[in-house]
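Reader: I have a new structure to look at, and I would like to learn how to read its features one at a time. Could you take me through it slowly?

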Amino acid sequence: MAQPIVSIIIASYNCAAYIAETIGSALAQSLKDIEIIVVDDGSTDDTPRIVSAFGAPVRLLTQPNSGVCVARNRGIREARGRYICLMDHDDYWFPDKLENQVRMLEYHPEAGVVYSAFTLWYRDEKHNRFPDPATLNE
C-alpha cells in the first residue's frame with residue numbers, strides 16, 4: 001500500500017456521542033491522500049461499533065484503557081504517513097484544514113510543527129445535535 005501524505009491519529013475513549021462527526025470531518029478533507037487510525041482506549045460505550053461501521057477508510061485499533069498518551073503513541077507507531085496529525089475524538093475539521101497545513105509544511109520545510117486556531121463547538125443538549133458546521137465562522 002502506498003504511503004499516505006497524512007496519518008490522522010484519533011485516540012478515543014467513550015466518545016460515542018461525537019466520534020462519527022469527528023471521523024466524518026476527517027473523511028471530508030479536500031486532501032484525500034490520508035489514512036485515519038482510531039485507537040479505542042478501552043471504551044465501554046458504542047464507540048468501537050460506530051468506528052467499525054466506517055469500514056476500510058478507517059482503521060480501528062483497540063486496547064485496554066491505558067490513557068490518551070499511550071493510545072496516541074500506539075497510533076503513531078502504526079502510522080504510515082509522511083506527516084502525523086493528532087485529532088481529538090470530539091473535534092470537527094473544516095474541509096481544507098489538512099490541505100492548508102500540508103501546503104504550509106511543504107512551503108516552509110524548516111518548520112517542524114503547524115497548527116491552527118480553534119472554535120469551541122458544543123452539542124445542543126435540547127436537540128441532541130451539533131450546530132450545522134456551515135453556521136460556524138472559519
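Predicted model: local features only at pLDDT ≥ 70, side-chain atom pairs only at ≥ 80, totals over all residues.

Reader: Where is Ala16 found, and which residues does it touch?

Author: Ala16 is found in the loop between β1 (6-12) and α1 (19-27), and with a relative accessible area of 24% it is partly exposed. Not counting residues up to four places away in sequence, Ala16 touches Asp45, Asp46, Thr47 and Ile50.

Reader: How should I describe the chain as a whole, and in what pattern do its helices and strands follow?

Author: One starts by counting the elements and then reads their order. The protein chain has 4 helices and 4 strands, and along the sequence they follow the pattern β-α-β-α-β-α-β-α. The chain is as compact as a globular protein of 138 residues, because its radius of gyration of 15 Å is close to the 14 Å that the globule rule gives for that length. Taken along the principal axes, the box filled by the C-alpha atoms is roughly 45 × 35 × 25 Å.

Reader: What share of the residues counts as buried, and what share of the contacts joins residues 24 or more positions apart?

Author: Of the 138 residues, 35% count as buried. Among contacts with a separation of 6 or more, 70% are made by residues 24 or more positions apart. The accessible surface comes to about 8,300 Å², and carbon and sulfur atoms own 54% of that area.

Reader: Which residues make a nonpolar patch on that surface?

Author: Ile76, Ile84 and Leu86 make a nonpolar surface patch of about 230 Å². Leu86 has its place in strand β4 (residues 83-88), and it is partly exposed, with a relative accessible area of 42%.

Reader: Why does Gln63 count as buried?

Author: Buried means under 20% relative accessible area, and Gln63 therefore counts as buried, since its relative accessibility is 12%. Gln63 lies in strand β3 (residues 58-63), and its side chain makes a polar contact of 2.9 Å with the side chain of Asp41. Leaving aside neighbours within four places in sequence, the residues in contact with Gln63 also include Val39, Asp40, Gly42, Val70, Ala71 and Arg74.

Reader: How many salt bridges are there, and how should I read one?

Author: Side chains of opposite charge can pair when their charged atoms come close. In this model the count comes to 7 salt bridges. One of them joins the side chains of Glu35 and Arg59, at 3.1 Å from N to O. This pair links distant parts of the chain, with Glu35 in strand β2 (residues 34-41) and Arg59 in strand β3, 24 residues apart. Glu35 counts as buried at 7% relative accessibility, whereas Arg59, at 27%, counts as partly exposed.

Reader: Where do Glu106 and Arg82 lie, and what is the N to O distance in their salt bridge?

Author: The side chains of Glu106 and Arg82 meet in a salt bridge at 2.1 Å, N to O. Here too the pair links distant parts of the chain, for Glu106 is in helix α4 and Arg82 is in the loop between α3 (68-78) and β4, 24 residues apart. Glu106 is partly exposed, with a relative accessible area of 44%, and Arg82 counts as partly exposed at 46%.

Reader: In which helix do Arg103 and Glu99 lie?

Author: Arg103 and Glu99 both lie in helix α4, 4 residues apart, which is about one turn of the helix. They form a salt bridge whose closest N and O atoms are 3.8 Å apart. Arg103 is partly exposed, with a relative accessible area of 42%, and Glu99 is partly exposed as well, with 32%. Elsewhere, salt bridges that share partners join Glu35, Arg59, Glu78 and Arg80 into one network.

Key:
Residues numbered from 1 in each chain as written. Heavy atoms only, no water. Patch = residues over 30% accessible without salt bridge, like charges linked within 9 Å, V, L, I, M, F, W, Y side chains within 5 Å. Areas by Shrake-Rupley, 256 points an atom, 1.4 Å probe, with all protein chains shown as cover. Salt bridge = Lys/Arg side-chain N within 4 Å of Asp/Glu carboxyl O. Helix = DSSP H or I, 4+ residues; strand = E, 2+ residues; numbered from the N terminus. Buried < 20%, exposed > 50% of the residue type's maximum accessible area, 1.4 Å probe, protein only. Polar contact = N/O pair within 3.5 Å; in protein donor to acceptor, adjacent residues only side chain to side chain. Contact = heavy atoms within 4.5 Å. Rg over C-alpha atoms; globule rule 2.2 N^0.38 Å.
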